[in-house]
Amino acid sequence: MEGEAMEHGREAGNDGVWLFGYGSLIWRVDFPYRARLKAAVRGFSRRFWQGSHDHRGTPAAPGRVVTLTPEAGALCVGMAYRIDAATFAPLDHREKNGYVRVRLPIEIEGDDGVTTVVGGVTYIAEASNEAFLGPANLEQMARHILASSGPSGSNIEYVLELAQALTALNADDPHVFALERRLRQLAPP
């Protein structure tokens, strides 16, 4: 893992900290923040390899949600949020199903189009966590997602919302968009 794992609760001074969101943190922003800007991290790919027992599935039938996996040369586009230390408590609870907070450099795109690299954090579900589902072929993932639902809604909604948010960011993610296309074929509107 290229990021450095962190102890929960040890982050953010008076100036806050940058948080990188690459999944539902892009489109389901239910936490306070000081600033929100387009951002990216290098050396990681977004993959639907994490099980969701508490949001998009259940313990008996987990859904599939994204995590970051190390990949040389990869660029993962998302959003960066400047948050206060107190915001980590609800986020740690939200991301409790196998995710750990890690430090990593974040490339933030300013309103002027200039990119700045800052130190920040994100949540990553490492392969060693008990909810990790790992890779599967496109068809297996699509059928798994189509059949999954949990307290936060259907798993297919998660994929479609993420694809829509990435489109709005003009971010290319072949993994997400291939899965979105297959799900639309299996369950047309």
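I began with Asn-170, which I found in the loop between H4 and H5; helices here are DSSP runs of H or I of at least four residues, strands are E runs of at least two, and both are numbered from the N terminus. The model is predicted, so local features need pLDDT of at least 70 and side-chain atom pairs count only at pLDDT 80 or more, while totals for chains, interfaces and linings use all residues. Residues are numbered from 1 along each chain as its sequence is written, and side-chain values use heavy atoms, with hydrogens and water left out.

**Entry 1: Asn-170**

I noted a positive phi of about 55° at Asn-170, although this residue is not a glycine. Most residues other than glycine have a negative phi. I then looked up the accessibility: at 69% relative accessibility, Asn-170 counts as exposed (exposed is over 50% relative accessible area, buried under 20%, partly exposed in between, with a 1.4 Å probe and protein chains only).

I checked the length of helix H5, residues 174-186. Its 13 residues should span 18 Å at 1.5 Å a residue, and the end C-alpha atoms are 18 Å apart, which agrees; the expected span is 1.5 Å times one less than the number of residues. I listed the buried residues of H5 as His-175, Val-176, Phe-177, Leu-179, Glu-180 and Leu-183. They pack against strand E3 (35-52), helix H3 (138-146) and helix H4 (155-168), where contact means heavy atoms within 4.5 Å.

**Entry 2: H3 against H5**

I looked up the axes of H3 and H5, which come within 9 Å and cross at roughly 60°. Axes are lines fitted to C-alpha atoms, for helices over the stretch in contact, and angles run from 0 to 180 degrees between N-to-C directions. That makes H3 oblique to H5, since angles under 35 degrees count as roughly parallel, over 145 as roughly antiparallel, 65 to 115 as roughly perpendicular and the rest as oblique. The residues of H3 that meet H5 include Met-141, Ala-142 and Ile-145.

I examined Leu-138, which lies in H3. At 33% relative accessibility, Leu-138 counts as partly exposed. Not counting residues up to four places away in sequence, Leu-138 touches Ala-178, Leu-179 and Arg-182.

**Entry 3: H4 against H5**

I found that the axes of H4 and H5 come within 10 Å and cross at roughly 130°. H4 and H5 are therefore oblique to each other. Among the H4 residues that meet H5 are Val-159, Leu-162, Ala-163 and Leu-166; Phe-177, Leu-179 and Leu-183 are among their partners in H5.

**Entry 4: the largest nonpolar core**

I asked which residues touch the most other members of the largest nonpolar core, which has 53 residues. They are Phe-48, Ile-106 and Leu-162. Strand E4 (residues 63-83) gives the most to this core, with nine residues. Such a core is a set of buried Ala, Val, Leu, Ile, Met, Phe, Trp, Tyr and Cys residues joined through side-chain atoms within 4.5 Å. Leaving out residues up to four places away in sequence, the contacts of Ile-106 include Trp-18, Phe-20, Val-41, Ala-80 and Val-118.

**Entry 5: Trp-27**

I located Trp-27 in helix H1 (residues 24-27). Beyond its neighbours within four places in sequence, Trp-27 is in contact with Arg-56, Tyr-158, Glu-161, Leu-162 and Ala-165.
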